[in-house]
Amino acid sequence: MPENQDIKPEKAVEKQPKKKRKFWKFILKLFVVLALVVGVAQYVLYYYAFPLLKEKICQNVSDQTNGLYTINFDDIRLNFLGRSILLTNFSMKADTSVYMQLKEQMAYNRAIYNISVANFAIKNIRLSSIFGSRHLRIKSIELIRPVIRLAGKPDDKHKGKYDAIHKDLYPLISNYFNKVEVKNISVTDGFFDFYKTVTDENE
């Protein structure tokens, strides 16, 4: 009997490391499977969903502006956990011929702009405040090599410089948000001209 009592604990001790190894092997296999699933999902989203999303966004902008603006970008990345958006090589161009037609029809009496940004990142968007009080809260906006030029201005009594910030940008934002709060804006190698068009500079 004493001999049997000595053997049983040894067998129990030998089984514990094997159970631990099996557990860690299972965890490792689980992580590998999850990594493969995430990789395949990213591949499918980028090569199949991204072209459809880009086409939808570009078409929507053209429809909403009656063909006045067309946009384009190389890549868009959405981080739902970090509540951030990143656009690469974004551009928005105004069609001056459509602009002249709209002005003749008295359908548009605001300035138009040409915009290009190498990298445009909006980080940490507070979505809860948007739906409730229409208060847009953003932690930071990062612009790398942004260029914003006034492409056309309405025919009015104002001559020379056109105050597009107060006449166009503020009313445009107020249509969607009661308040916009941005804690930090980072601009690298930017150029902004909200007052004079290329035609004004040549005169």
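Guide: Here is a short tour of some of its terms, each set against its definition.

Guide: This is a predicted model, where local features need pLDDT of at least 70, side-chain atom pairs count only at pLDDT 80 or more, and totals for chains, interfaces and linings use all residues. Residues are numbered from 1 along each chain as its sequence is written, and side-chain values use heavy atoms, with hydrogens and water left out.

Visitor: Why is L87 called buried?

Guide: Buried means under 20% relative accessible area, exposed over 50%, and partly exposed in between (1.4 Å probe, protein chains only). L87 has 11% relative accessibility, so L87 counts as buried. This residue lies in strand β3.

Visitor: Why does K183 count as exposed?

Guide: K183 has 68% relative accessibility, so K183 counts as exposed. Its place is in strand β7, residues 179–188.

Visitor: How many of the residues are buried, as a percentage?

Guide: Of the 203 residues in the protein, 25% are buried.

Visitor: What makes a nonpolar core?

Guide: The term means a set of buried Ala, Val, Leu, Ile, Met, Phe, Trp, Tyr and Cys residues joined through side-chain atoms within 4.5 Å. The largest one here has 28 residues, and L68, Y69, F73 and Y113 have the most contacts inside it. Strand β4 gives the largest share of this core, six residues.

Visitor: What counts as a helix or a strand?

Guide: Both are DSSP runs, numbered from the N terminus: helices (H or I) have at least four residues and strands (E) at least two. The protein has five helices and eight strands.
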